[in-house]
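Let's take a walk through this model together. Have the sequence and the 3D view open as you read.

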Amino acid sequence: LCSFFFSSWMPQAVLFRGSHWQSSLLAFRASLPMRAQPKKKKKVDVKREQAQKDRMRKKIKKLEKAAPEMIPIEDFITPLKYSDSNRVRSLPPLSFEETERRVLLLKKWCLFKQKQDNAEKKAIQSLVEAQQEALKELRLESEELYQAAIRRDEELFPFERDGPNYTPPLPGYDPPEGKCVDITKVYTQ
Amino acid sequence: TAAAPRPWRLFGAMCLLRLPRITQPLEKEEEEMAALMEQIELEKSHYSDHEIRKLEEEERLKRRKESIYDDDEAASKTVIMAQDLEDQWEQKLLRFKPAPRITDADKNNNRTSLDRKLDRNLMLLVKQKVGNQELWLLPQAEWQPGETLRRTAERAMATFLGDHIQAKILGNAPYGIYKYKFPRAIRTDDNMGAKVFFFKAFLQSSDLSQAEVKEDYLWVTKDELGDYLKAEYLKKVNRFLLD
């Protein structure tokens with residue numbers, strides 16, 4: 001606050017401080033190095049600190065009791081930039097022949113899939129029947145072997161296998177170098 | 001009370017399958033349906049960033065061609081256009097040569113190789129001496145008391161392909177049975193015939209170069225089994241083979 005007054009006075013009046021404790025002329029003149037108050041008693045300090053800690057703990061408990069925030073599913077939220085109107089594709093409307101062709105193709109597909117499904121079910125049925133017959137014959141032979149056969153095989157699962165690709169692996173193929181940085185957002189509750 | 005010894009001899013046989021390594025070609029309906037699905041997806045979709053960029057650049061080119069004097073956009077010209085990028089990608093794809101789906105073994109019809117018919121299951125067949133005949137069979141071995149039938153089948157596999165074969169046997173239970181009576185000449189009251197129990201396994205190791213195969217062997221698909229197996233045997237084996 002003293003800087004205003006310095007500039008309004010005549011520049012020749014150089015002002016000295018009385019002592020290093022008197023930092024500004026117009027401020028309170030503290031001739032003695034004064035401390036605020038005689039030192040607080042330790043009990044009040046401790047009580048106040050404990051009260052503060054309790055309040056913090058209550059706040060934390062309240063926050064914890066509140067229901068956990070739902071983790072947003074990124075796939076279900078369409079980013080706003082994709083709802084622009086200039087994004088909409090402009091295509092000619094479908095002709096009558098095209099719709100007809102599509103409907104007929106869907107019906108053919110339905111029939112194809114039904115036949116495929118039935119064939120699969122029949123194959124599985126025949127598999128199961130063959131196995132039952134084999135077990136029946138085995139039982140006739142020896143009970144001990146039968147019991148050994150119907151025991152569960154613990155090493156079978158978990159069973160892992162890489163599925164077939166479109167082309168077989170190229171011998172001596174050197175894949176290009178590169179680093180894959182995973183930027184998926186991980187939410188914690 | 002000990003059970004009376006049954007007059008049937010027991011054998012354990014192993015049907016070792018090499019699973020397909022490439023996908024089977026699509027049927028006509030499947031291809032048509034796939035094309036239709038792609039078309040519908042395209043129609044229902046919106047423009048992507050790349051497509052918008054391409055459209056804008058095409059418009060800019062058109063405008064520049066129409067108004068030849070309007071060259072103020074030349075300063076802020078993009079160095080690479082979306083169309084150029086697409087051409088680059090196309091070139092890169094054409095330069096890559098994948099391995100052929102139909103291998104040499106297919107062309108030579110080399111039935112002993114595992115590289116044939118990569119999109120189908122292959123089964124192992126071996127030539128074995130049964131009685132006084134040499135027959136093509138799934139590898140089998142006679143059951144010995146004290147072991148389970150699965151162990152017998154594993155033993156059969158090991159005798160023909162060596163010990164270092166990695167196969168995942170699908171469970172302890174047999175998948176099928178082939179029962180036959182011996183010809184009258186050898187048949188006795190204690191020894192009427194044989195029962196062969198089949199087990200299924202998937203071949204895990206991809207190359208069998210270390211396997212020393214002693215007898216004649218073949219890897220065949222389900223359709224080609226008919227060329228080698230006898231009618232009754234084939235009928236029973238076909239019941240538990242999916243293809």
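Start in chain B, where the side chains of B:Glu57 and B:Arg53 meet in a salt bridge at 3.4 Å, N to O. A salt bridge here is a side-chain nitrogen of Lys or Arg within 4 Å of a carboxyl oxygen of Asp or Glu. The two residues sit four apart in helix H2 of chain B, so about one helical turn separates them; helices (H or I, at least four residues) and strands (E, at least two) are DSSP runs, numbered from the N terminus. B:Glu57 is buried at 5% relative accessibility, whereas B:Arg53, at 34%, is partly exposed. For these words, buried means under 20% relative accessible area, exposed over 50%, and partly exposed in between (1.4 Å probe, protein chains only).

A word on the ground rules: this is a predicted model, in which local features need pLDDT of at least 70 and side-chain atom pairs count only at pLDDT 80 or more, while totals for chains, interfaces and linings use all residues. Residues are numbered from 1 along each chain as its sequence is written, chains are lettered from A and ligands numbered from 1 in the order in which they are written, and side-chain values use heavy atoms, with hydrogens and water left out.

B:Glu224 lies in the loop between strand E8 (217-220) and H6 of chain B, and B:Arg116 in the loop between helix H4 (104-108) and E2, so the pair ties together parts 108 residues apart in sequence. Both of these residues are buried.

Next, look at where the chains meet. In all, 58 residues of chain B are in contact with 51 residues of chain A, contact being heavy atoms within 4.5 Å. The area buried between them is about 4,800 Å², with carbon and sulfur atoms giving 59%; that is the accessible area (1.4 Å probe) the two parts lose on being put together, summed over both.

What about charges here? Side chains of opposite charge can pair when their charged atoms come close. Eleven salt bridges turn up across the interface of chain B and chain A. One pair to look for is A:Arg89 with B:Glu51, whose closest N and O atoms are 2.9 Å apart.
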